[in-house]
Amino acid sequence: MALILVTRRRSHQSHSNGDPGWPGPSDSVRCRLTSGLNSVDAVSMVLSVRTGRADEIEPGGVGTVGDPCAGMSLGALLRGWRERALLTQEQLAERACLNVRTVRRMESGALLRPRVTSMLLLAEALELNGADRATLNAAAHGQPGPAVAGPPPVTVPRQLPADVAALAGRDRELAVVEGHRSSHTVPVVCVNGMAGIGKTALAVHAAHRLAPLYPDGQLFVDLRGHAPKAPVEPGTALARVLRTLGVPDEHIPWHPDDRAALYRSVLAGRRVLIVLDDAADEHQLLPLLPAGPGCLVIVTSRRRLTCHGDARGLSLDVLPVTAGIALFTRLAGLDRRAPSDVLAEVVRRCGLLPLAIRIAAARLRARPAWGVRHLLDRLACDRLAELADGPHSVAAALDRSYDRLPDEQRRVYRLLGSGGRAGFGADTAAALLDTSMPRARRLLDQLMDAHLLQETSPCWYRMHDLVHDHAAAL
Ligand SMILES: Nc1ncnc2c1ncn2[C@@H]1O[C@H](COP(=O)(O)OP(=O)(O)O)[C@@H](O)[C@H]1O
Ligand SMILES: [Mg+2]
């Protein structure tokens with residue numbers, strides 16, 4: 001290795017004499033050059049430098065490398081590797097301690113036979129592996145490269161899950177998501193609402209419709225803010241997304257802040273639609289927001305999140321009765337026709353909550369002996385027990401919202417469940433919680449942020465029926 005370093009230095013000195021614009025390699029590059037090469041590289045490098053093939057040859061000189069039969073040209077290879085490493089020509093030149101003009105001329109094909117030292121510096125700066133170095137070496141000598149023909153193509157990500165067959169009763173909300181634009185920063189729509197209200201369904205449906213406007217891809221990231229396990233760490237989510245966007249593992253920085261910065265760099269100038277599903281809080285969300293106006297982000301969360309900039313909050317309410325009936329009859333099967341008042345009662349007992357309606361419909365469909373009235377009777381008894389079907393369960397979904405509450409809010413939630421179903425004022429809550437009015441209001445606000453309580457008019461509150469059932473059963 002010492003020999004290599006000495007040889008390189010001499011080589012550099014001899015070239016730099018006649019080329020004042022040619023910067024010498026920095027110490028750090030020298031270190032990387034000597035420590036990062038394997039023995040084959042080292043021998044090849046020493047031989048190359050010693051045999052004096054270090055003259056740069058302009059087009060029209062000796063041979064060409066643009067022959068399509070010889071595989072990719074030197075310029076195309078370099079450009080591909082540089083883009084794979086997410087470097088501009090200037091950044092690559094700086095990293096390799098080369099003049100940016102040299103890099104430009106190589107990529108454009110104006111410089112066909114570069115100095116060996118230039119190639120080595122570039123190979124180091126691009127962190128090429130042995131096979132890629134061999135390809136580069138061959139291209140620089142006008143020979144056909146080995147089988148490896150440059151960096152693999154990056155697949156445009158199309159990660160959206162399947163759309164719902166028909167989205168019921170969300171025309172106004174769809175218009176809000178689809179109409180949100182921004183000219184100077186990334187547009188963000190934060191869809192929030194209680195468990196099972198249809199946040200993911202709306203986000204995915206809107207994303208499918210908007211996908212043609214985002215040709216550089218659609219990302220779907222499940223942040224698991226309310227999954228049984230802990231929410232996904234922002235750094236982990238960033239690493240996954242970076243990989244999806246074509247960044248090789250070895251280029252993903254260790255520190256989450258650097259990952260976030262790289263993520264913003266990669267997305268700069270691209271048109272990508274990003275769905276961030278089930279965000280736990282702002283801490284998890286913010287690193288995943290790109291910076292430029294070319295992307296669109298749709299966030300879903302059970303919490304009312306405060307996003308900065310051009311974020312638009314959209315709170316989902318339960319479905320209108322007609323949309324609830326349409327959803328129920330479609331999912332229960334067309335032959336399950338029933339009087340509309342019975343159907344209306346069924347969907348009301350489901351609290352007009354899409355998740356509950358879907359479970360009720362699935363249960364009816366799976367039990368041919370039941371009629372709609374029988375289902376209604378069952379829902380009149382133990383509703384939460386009825387609204388469970390395999391892995392889908394309203395109670396389990398609410399459990400996860402409850403589990404995420406701090407202890408004090410859990411206590412408030414249970415106490416409110418022990419009260420009546422009707423609406424109540426802040427004074428009633430203060431008496432029930434045995435605290436002052438301002439503090440009671442603050443506590444109620446926090447439950448509202450988690451969508452476990454609604455404020456139907458100023459300082460007048462009520463729990464959704466299914467939430468009340470859940471809180472009462474704890
Ligand atoms: N408007 C809707 N039309 C049709 N199906 C819906 C609608 N909203 C929700 N669903 C269905 O209800 C279930 C719960 O919705 P989901 O989007 O997962 O709720 P959330 O994300 O708010 O917890 C899913 O199976 C979903 O497909
Ligand atoms: Mg969801």
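How many residues surround ligand 1, and which are the closest? In this predicted model, 17 residues surround ligand 1, and the closest are Ala168, Lys199, Thr200, Ala201 and Arg358; a residue counts here if one of its heavy atoms lies within 4 Å. Residues are numbered from 1 along each chain as its sequence is written, and local features need pLDDT of at least 70. Side-chain values use heavy atoms, leaving out hydrogens and water, while ligands are numbered from 1 in the order in which they are written.

**Polar contacts** (pairs of N or O atoms within 3.5 Å)
- A backbone N or O atom of Ala168 is 2.8 Å from a nitrogen atom of ligand 1.
- Gly196 has a polar backbone atom 2.9 Å from an oxygen atom of ligand 1.
- For Ile197, a backbone N or O atom lies 3.3 Å from an oxygen atom of ligand 1.

**Cover**
- Ligand 1 alone exposes 550 Å², of which the protein buries 84% (Shrake-Rupley method, 1.4 Å probe).

**Placement**
- Domain 2 (171–315) and domain 3 (327–393) both give residues to the shell, so ligand 1 lies between them; the bounds come from an automatic or database domain assignment.

Definitions and conventions:
This is a predicted model: local features need pLDDT of at least 70, side-chain atom pairs count only at pLDDT 80 or more; totals for chains, interfaces and linings use all residues. A polar contact is a pair of N or O atoms within 3.5 Å; within protein, one must be able to donate a hydrogen and the other to accept it, and residues adjacent in sequence count only if both atoms are side-chain atoms.
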